[in-house]
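Hi,

Here is the structure I promised to pass on.

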Amino acid sequence: GPVVWVIDELDRVYFKQWGPVDHPGQHPSDDWEKVPGQKMIQLDVGRDGNVWGVATDGLVYRRVGIEAGDADADPPVPANHAGTGWEAVSDDQNGDILKVDLCTTGQAWCLRQNGAQTTVQFREGINIQDDIGTHWSNIDGTMRDISCGYDGQTWAISTGGAMYRRE
C-alpha cells in the first residue's frame with residue numbers, strides 16, 4: 001500500500017505503510033515508525049516515492065535508501081520504505097528555505113526567504129541520471145505558496161493573493 005509521511009508538533013518525522021485494517025480493534029493510525037535524523041518543518045513526497053523536506057535549519061534534504069523491493073526476484077528483495085538517511089540536496093543553501101515541492105515530472109521547486117520577500121526557485125539539472133540536480137535558479141516574482149499539480153503543472157499564489165500557473 002501507499003506510504004504516508006508526517007511531522008509531529010516537535011518536528012519529528014514518522015512514516016507508515018498504509019494498508020487495510022486486518023484485525024478487529026486495529027486502528028489505521030497505529031504503528032507509525034519514527035524516522036531518525038533531521039527534524040523537519042515541511043515534507044513533500046513525489047509520485048516516484050522520493051521524499052524531500054525542509055529541516056529546522058532551513059536546508060533542503062532528501063531521504064536516501066528508499067527501495068520498493070521486488071517480491072518476485074530470486075531471492076526476493078525486501079522493501080525499505082523508510083530509507084536509510086537524510087542527505088543535503090545541495091551546498092548552495094543559506095538556511096532560508098521555507099518550502100519544497102516535488103512535481104510528478106521529477107522536478108523540484110522551493111520558496112526561499114529573501115529579506116522581507118519570499119522568492120521562488122527551481123531546481124536545475126534533475127534528470128534520470130541525477131535525481132538531485134545541480135543548483136537552484138531564481139524565478140521572477142514573490143510568492144507565498146507554490147504547488148505542483150498531478151499533471152506536472154506548477155501553481156503559485158503571490159504575496160498579493162493572485163494565483164499563477166507556470167507555462
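What pattern does the chain follow when read along the sequence? It goes β-β-β-β-β-β-β-β-β-β-β-β-β. In other words, there are 13 strands and zero helices. Please keep in mind that this is a predicted model. The chain has 167 residues, and 37% of them count as buried.

A search through the whole structure turns up one disulfide. The partners are Cys103 and Cys148, with an S to S distance of 2.1 Å. Cys103 sits in the loop between β8 (97-102) and β9 (108-114), while Cys148 belongs to strand β11 (residues 135-148), so the bond ties together parts of the chain that are 45 residues apart in sequence. Are the two partners buried or exposed? Cys103 has 6% relative accessibility, which is under the 20% cut-off and therefore counts as buried. Cys148 comes out at 15%, so that one is buried as well. Another cysteine to note is Cys110, which is buried at 0% relative accessibility.

Next, a piece of the strand layout. There is an open sheet of three strands in the order β1-β2-β3, and the pairing is antiparallel. β1 (3-7) and β3 (33-35) are the edge strands; each has a single partner strand, so one side of each has no neighbour in the sheet. From one strand to the next, the twist averages 30°. How many bridges join β1 to β2? Five, with β2 covering residues 13-17 and the two strands running antiparallel.

Last, the pockets. The largest pocket has a volume of about 200 Å³. Which residues line that pocket? They are Val3, Trp5, Val45, Asp48, Gly49, Val51, Ile66, Glu67, Ala68 and His81. Sorted by class, that lining has six nonpolar, two polar and two charged residues.

Cheers

Methods: Residues numbered from 1 in each chain as written. Predicted model: local features only at pLDDT ≥ 70, side-chain atom pairs only at ≥ 80, totals over all residues. Heavy atoms only, no water. Disulfide = S-S within 2.5 Å. Helix = DSSP H or I, 4+ residues; strand = E, 2+ residues; numbered from the N terminus. Buried < 20%, exposed > 50% of the residue type's maximum accessible area, 1.4 Å probe, protein only. 1 Å grid on protein atoms, 1.4 Å probe; cavity = no way out; pocket = protein on both sides within 12 Å on 5 of 7 lines; lining within 4 Å. Points joined across faces, edges and corners; volume = space filled by probe spheres on them. Nonpolar A, V, L, I, M, F, W, Y, C, P; charged D, E, K, R; others polar. Pairing = 2+ DSSP bridges. Axes fitted to C-alpha atoms, helices over the stretch in contact; angles between N-to-C directions.
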